Amino acid sequence: MRRRKAQEREVLADPKFHSKVLGKFINMLMLEGKKAVAEKIVYGAFEIIKKQLNEPDVLKVFNKAIDNARPRLEVKPRRVGGATYQVPIEVRQERGTSIALRWIRDFAKGKKGKTMEEKLAEEILAAYKAEGSAIKKRDETHKMAEANKAFAHFRW
């Protein structure tokens with residue numbers, strides 16, 4: 001039997017753009033409590049995007065990139081009578097957003113040979129244009145859910 005649901009913490013909006021999603025992303029990027037470093041990386045990436053796209057509102061670009069990378073479906077393993085089925089389920093808005101943020105962060109970190117600001121800017125731009133690793137990952141997730149549609153009746 002499960003105990004209780006973990007208490008939801010309130011994420012503080014970032015100081016420059018006053019966006020909670022961006023605040024969450026900065027916190028995800030942060031290593032060893034160095035928030036100032038994480039902020040510098042994110043805002044540096046935003047400057048690169050601003051230069052490349054000639055777009056004054058970079059936050060709009062960021063939000064569109066997150067929206068493009070967000071999965072709508074995912075699969076969850078369910079044990080039924082000794083067999084494990086991959087059951088497709090719909091993803092809640094908040095979970096989808098955090099998955100998209102995680103994918104963008106991880107794929108940016110995985111690249112080699114550039115500063116983190118440049119890698120992050122590249123990844124956000126790719127997601128904004130609906131291409132790149134995060135979008136490929138989303139499509140794979142959707143394909144997996146589609147392939148296992150037959151097990152949707154195991155959802156409960």
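Colleague: How do α1 and α4 lie to each other, parallel or oblique?

Modeller: In this predicted model, α1 and α4 pack at an angle of about 45°, with their axes 10 Å apart, and the two helices are therefore oblique to each other.

Colleague: And which hand does the crossing of α1 and α4 have, left or right?

Modeller: The crossing in which α1 passes α4 is right-handed, and the contact is made on the α1 side by Val-21, Lys-24, Phe-25, Met-28 and Leu-29, and on the α4 side by Thr-97, Ser-98, Leu-101, Arg-102, Ile-104 and Arg-105.

Colleague: What does Ile-104 touch, leaving out residues up to four places away in sequence?

Modeller: With those left out, Ile-104 touches Phe-25, Ile-66, Ala-69, Leu-120, Glu-123, Ile-124, Ala-127 and Ala-134. Ile-104 is also among the residues with the most contacts inside the largest nonpolar core, together with Val-42, Phe-46, Phe-62 and Leu-120.

Colleague: Switching to α3, which of its residues are buried, and what covers them?

Modeller: In α3, the buried residues are Val-58, Leu-59, Val-61, Phe-62, Ala-65, Ile-66, Asn-68 and Ala-69, and their cover includes α1, α2, α4, α5 and α6.

Colleague: How far does α3 reach from its first C-alpha to its last?

Modeller: With 12 residues, α3 reaches 17 Å between those two atoms, which is close to the 16 Å expected at 1.5 Å a residue.

Key: Residues are numbered from 1 along each chain as its sequence is written. This is a predicted model: local features need pLDDT of at least 70, side-chain atom pairs count only at pLDDT 80 or more; totals for chains, interfaces and linings use all residues. Side-chain values use heavy atoms; hydrogens and water are left out. A nonpolar core is a set of buried Ala, Val, Leu, Ile, Met, Phe, Trp, Tyr and Cys residues joined through side-chain atoms within 4.5 Å. Buried means under 20% relative accessible area, exposed over 50%, partly exposed in between (1.4 Å probe, protein chains only). Contact means heavy atoms within 4.5 Å. Helices (H or I, at least four residues) and strands (E, at least two) are DSSP runs, numbered from the N terminus. The expected span of a helix is 1.5 Å times one less than its number of residues. Axes are lines fitted to C-alpha atoms, for helices over the stretch in contact, and angles run from 0 to 180 degrees between N-to-C directions. Angles under 35 degrees count as roughly parallel, over 145 as roughly antiparallel, 65 to 115 as roughly perpendicular and the rest as oblique. A crossing is left-handed if the near helix is turned anticlockwise from the far one by less than a right angle, and right-handed if clockwise.
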